[in-house]
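Welcome! Take a moment to look over the structure shown here, and then let us walk through some of its features together.

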Amino acid sequence: MIIGVSGQDGGYLAKKLLSEGYDVLGTSRSIADGAFLSLDHFGLREKVDLRAFDPVDAHAFRTLVERFKPTEIYNLSGQSSVGISFAEPVGTFNSIVASTIAMLEELRLHFPHVRFYNAGSSEMFSGPVGEPLTETSRFAPRSPYGAAKSSAYWVVSTYRESFGLFAVTGILFNHESPFRGANFVTRKVIETAYAISQNRSGQLTLGDLSIWRDWGWAEDYVDAMYRMVQHDHPSDYVIATGQAMQLRDFVAHVFAYFGMDWQEYVTSSEALARPNELVYSCGDASKARRELGWTPAYQGKAMIEKLCAEYAAILDRGGRS
């Protein structure tokens, strides 16, 4: 059962589970009007049993679990934009924290054998520049989104330790694909660079270009989710490449891929800066490498080139606006 199957990771996870022989139930708040970009791209919409479901509705959750009897539940739902969380903090907390509590309580009461994966985030941290973050690093969120993810992390930990549930959180650092939402900076950069490359005109304005992020490839990170849930013992894991890059360098690599000098087309504006920003983010996935045998296939410049190539292929076919 993939809760939030319409998002970037949902399509990759459905693809992974189907390849492993699973039957997959996918939920989204809206099925009739929902966009399933990744599922459609992989030709999987008809292979996933899609159901409308709001994760804060405990009764609806219990009804779905009773009917379909999933052995594994992956919770990928919730408001996923750091920027939007400053404008909609209450909705962000409800979609991330209240929904997680509702589902775990139903599992505790009625389905304690089901394995539960929760999507955490690097936004829970705020470490010093140059220091890779691990599972034992101190949480210091800089946004309502990060605070909500931190709260959900502790809820999952509490239910695991107090009631013996197989409930884990994957602390995933930034991971990208062509199926990111329009509000994510990676999509904004690549789509704008692609558009400029078609007629050599246009401009891109971004916020703080000095921030550092550890960017990985989404399909690699979905494989890590799966490995966490298959492990003999439930535990939380940082999933990251271990390589941090400044946003300006990410932008430079993207524009270079399309044959351009980024400084001719990109400007920075304080008006686009967030009220509070995570300056440096880099993860240390040593535990996942040691216990799960997980390593990323793509990182750094190689990941950016793959990302640009897949975006360009989709845009060349007129698949995105």
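Let us begin with a pair of charged side chains: Arg 227 forms a salt bridge with Asp 223, and their closest N and O atoms are 2.8 Å apart. Keep in mind as you explore that this is a predicted model. Side chains of opposite charge can pair when their charged atoms come close.

**The pair in helix H8**

- Both Arg 227 and Asp 223 belong to helix H8, which covers residues 218–230. They sit four residues apart, or about one turn of the helix.
- Is Asp 223 buried or exposed? Asp 223 is buried, because its relative accessible area is 18% and the cut-off for buried is under 20%.
- Arg 227 has a relative accessible area of 30%, so this residue is partly exposed.

**The pair in helix H11**

- Glu 310 and Lys 306 also meet through their side chains in a salt bridge, at 2.9 Å from N to O.
- Why are these two separated by about one helical turn? The reason is that they are four residues apart in helix H11, which spans residues 300–316.
- Glu 310 counts as partly exposed at 25% relative accessibility, and Lys 306 is partly exposed too, at 21%.

**A buried pair, and the total**

- Arg 180 forms a salt bridge with Glu 176, with 3.0 Å between the closest N and O atoms.
- Arg 180 counts as buried at 12% relative accessibility, and Glu 176 counts as buried at 2%.
- How many salt bridges does a search of the whole structure find? The search finds 13.

**The sheet**

- Seven strands make up an open sheet with parallel pairing, in the order E3-E2-E1-E4-E5-E6-E11.
- Strand E3 (49–52) and strand E11 (237–239) stand at the edges with a single partner strand each, so one side of each has no neighbour in the sheet.
- Strands of a sheet pair through backbone hydrogen bonds, either parallel or antiparallel.
- Strand E6 (residues 167–172) runs parallel to E11, and three bridges join the two. Leu 172 stands opposite Ile 239 in E11.

**A helix across the strands**

- Helix H5 (residues 89–110) lies across strands E1 (2–3), E4 (72–75), E5 (115–119) and E6.
- Helix H5 runs at about 170° to E5.

Conventions: Residues numbered from 1 in each chain as written. Predicted model: local features only at pLDDT ≥ 70, side-chain atom pairs only at ≥ 80, totals over all residues. Heavy atoms only, no water. Pairing = 2+ DSSP bridges. Contact = heavy atoms within 4.5 Å. Axes fitted to C-alpha atoms, helices over the stretch in contact; angles between N-to-C directions. Salt bridge = Lys/Arg side-chain N within 4 Å of Asp/Glu carboxyl O. Buried < 20%, exposed > 50% of the residue type's maximum accessible area, 1.4 Å probe, protein only.
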